[in-house]
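Work through the exercises below with the sequence and the model open. Each task is followed by a solution that goes step by step.

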Amino acid sequence: MDKISQETPDLTQENIAKIAALFPDAVTEAMDADGKVTLAVDFDALRDDLSGEVVDGPRERYQFTWPGKREAKLEARRPIKKTMRPCPEKSKDWDTTENLYIEGDNLEALKIMRETYAGKVKLIYIDPPYNTGHDFVYDDDFSKTRAEYDAESGEYDEEGGRLVANPESNGRFHSDWCSMMYPRLMLARDLLSDDGAIFISIDDNEEQNLLKIGNELFGSGNYVGKLYVQVNPRGRNLDRYIAKTIEPVLIWVKNYTCGNSLNLIPKDSRMLSEYDRKDDKGSYRAIGLRNRNQSFNPQTRPNLYFPLWISPADGSVALEKDEAHSVERLPLAADGTPTCWTWSKSKIQSENNYLFGEPCGNEWRVYRKDYLEEGSAAFTMAKSLQADAEFNNDYGKKRIKELFGSNVMSFPKPPALMNRILEIGSSKDSLVMDFFSGSATMADAVMSLNAADGGKRRFIMVQLPEVVDEATEAGKEGYTTICNVGEERIRRAGEKIRAEVDEASRQLELGAEPKPVPDIGFRVLRVDESCFKDEYAAPGQYEQAALDLFTDNSAEDALPLDLLFQVLPAFRIEYSAKIVEREIGGKACFDVNGGQLIACFDEDVDTVALEAIAKERPLYAVFRDACFSNDAAVANLEELFKTFSPDTIRKVI
Ligand SMILES: C[S@@+](CC[C@H](N)C(=O)[O-])C[C@H]1O[C@@H](n2cnc3c(N)ncnc32)[C@H](O)[C@@H]1O
């Protein structure tokens, strides 16, 4: 029976296997740092394979690099022995919610989630530290050897103490920030779905570096552009020479050719007020039929330059002069320069009822009707300047004050901006992730938008348990970490949203359909040490003794639910799975997603229990080494499953 690996997969080895499949000669054996023989790429051979000529040494090439880049790259692929420990006591609606709140370093969280969530996240938004010289950057400390790293990892998390100040006087000021971002974005890319997109808030300090890193990792062809968000219309008075009013949000899609990665957004009320005319087909606005771009003229577009004839009696437009259509109109600019029409003669013929003529000053003009209700007319492309009043940073603080009564978070983003990003980058059933989530403004916005449009978007928030200074407002209110603030924000925002939906339902007119309350719960998970004992040093490389059944390899403090959450990634089952505790054959089991997985970590599992579990015919079944009552049970396990459920994939931990 298969043993479940205790670590995230070794991505370097996976990549080497892919190279080996294409270029067998470029893969060789080498000793690793611990003296074990592993596969490694022979880069000289690979270069030869790819160049078609003898290559001697590195060439000059276009690249963006900094001291520590290679370590940062390696860091993304380095496996870790960590798990997500469930915290039902901190969660809300544990049994039913599909939202997740993860406490821990996002690099570790992304590594643990990669197997299960690869290709599933539609929208990632992040608001990382901007590297202002005053904020803190997570110290991944790549200089450590594997053994030191394993020995130390986790040590800092409890205190949230691996966040270090990154002052401009640090000789590696920009390098450290790039090294922090690079592996996280590498992993983020893996999580994005084919139609997914990532939005990143940043400011002048690192915008150029972020653009280069993003283009390298996501591909410059997948760079969409940026939103310039007017976050401070009066300008920051701490700036020198130019008081900044905007902050960019950089956007990449996973796959530009996909076509439906980003949405058009609803027109705002100012734009809607342009639809100020009405006829029996609905509201419309008048758009001049003349092309105002003078490069389109009788020379460049001769077939679009011709006279139109207007009826002064009813405003109708014709291609030929007749008794009614007596007013001639050519596409001339105000100064008489000839331009051309935007519609061809055949379109004017077939869609003639959209056209009308109207006097404007002392001349007649030809217009087309653009109806609001028709197709995409009510929607528009997001503009690069995003200047709604509610995108002002003050609205971020305002929402926090409204929910908490005081400013418990230093730089919360305005919820309306998160809402705009959701409109552009998500659909109603999307999985949305923010792995620098702070006070969880994105979670608040996801719940609000779901309440407004009946969507079922789910969120995953990740946040380091950064310790809150006692002197701050959050500290005075009794919050010890930013995670406490984020979780409480989701609780309070969720209740407020529920109250608003209930109130709106009470006010409904008779017969109108009430809106449902969205999912306002969340499961809290904590990035933590593996639930398996440390004697299993390297997953996939078990000592024979450790493979013996009856050896209890779960850590003393590991609860059955902890074990379940540790094994879910091995089956690529999401952490939001429906989990029901059931007794099967007299033993305590977890039934995950209605029979997708049955996990039994109870004591003395005998053949009666095994037969009952096999008869449930789950897709997967998992047991604990030490749970079997005797040799007979172990020997019978395979037989029982072969008889009652041969297709069930069985594993032990
Ligand atoms: C600028 S704040 C985000 C604010 C958030 N957008 C909001 O509206 O409240 C950045 C957050 O990232 C967190 N952070 C920094 N390094 C992290 C890491 N390695 N893993 C997870 N969170 C981290 C910080 O604790 C901080 O709360």
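**Exercise 1: helix 10 on helix 14**

Helix 10 (residues 394-404) and helix 14 pack at an angle of about 75°, with their axes 10 Å apart; determine how the two helices are oriented and which residues meet. The model is a predicted one, in which local features need pLDDT of at least 70 and side-chain atom pairs count only at pLDDT 80 or more, while totals for chains, interfaces and linings use all residues. Residues are numbered from 1 along each chain as its sequence is written, and side-chain values use heavy atoms, with hydrogens and water left out.

*Solution.* Begin with the conventions: helices (H or I, at least four residues) and strands (E, at least two) are DSSP runs numbered from the N terminus, and axes are lines fitted to C-alpha atoms, for helices over the stretch in contact, with angles from 0 to 180 degrees between N-to-C directions. Angles under 35 degrees count as roughly parallel, over 145 as roughly antiparallel, 65 to 115 as roughly perpendicular and the rest as oblique. Helix 10 and helix 14 are therefore roughly perpendicular. On the side of helix 10, Arg-399, Ile-400, Glu-402, Leu-403 and Phe-404 meet Val-485, Glu-488, Arg-489, Arg-492, Ala-493 and Lys-496 of helix 14, where contact means heavy atoms within 4.5 Å. By class, this contact has five nonpolar, no polar and six charged residues; Ala, Val, Leu, Ile, Met, Phe, Trp, Tyr, Cys and Pro count as nonpolar, Asp, Glu, Lys and Arg as charged, and the others, Gly among them, as polar.

**Exercise 2: helix 12 on helix 14**

Determine how helix 12 (residues 441-453) packs on helix 14 (residues 482-506).

*Solution.* The angle is about 15° and the axes lie 9 Å apart, so helix 12 is roughly parallel to helix 14. In the next step, Thr-441, Ala-443, Asp-444, Met-447, Ser-448 and Ala-451 of helix 12 are found to meet Arg-489, Ile-490, Ala-493, Gly-494, Ile-497 and Val-501 of helix 14. Sorted by class, the residues of this contact are seven nonpolar, three polar and two charged.

**Exercise 3: domain 2 against domain 4**

How many residues of domain 2 and of domain 4 are in contact, and what area is buried between them?

*Solution.* The domain assignment, automatic or from a database, gives domain 2 as 82-264 + 381-523 and domain 4 as 531-652. Their C-alpha centres lie 36 Å apart, and 19 residues of domain 2 are in contact with 16 residues of domain 4. The buried area, which is the accessible area (1.4 Å probe) that two parts lose on being put together, summed over both, is about 1600 Å², with carbon and sulfur atoms giving 48%. In domain 2, Arg-85, Thr-116 and Arg-523 lose the most area to domain 4, together 30% of what that side buries.
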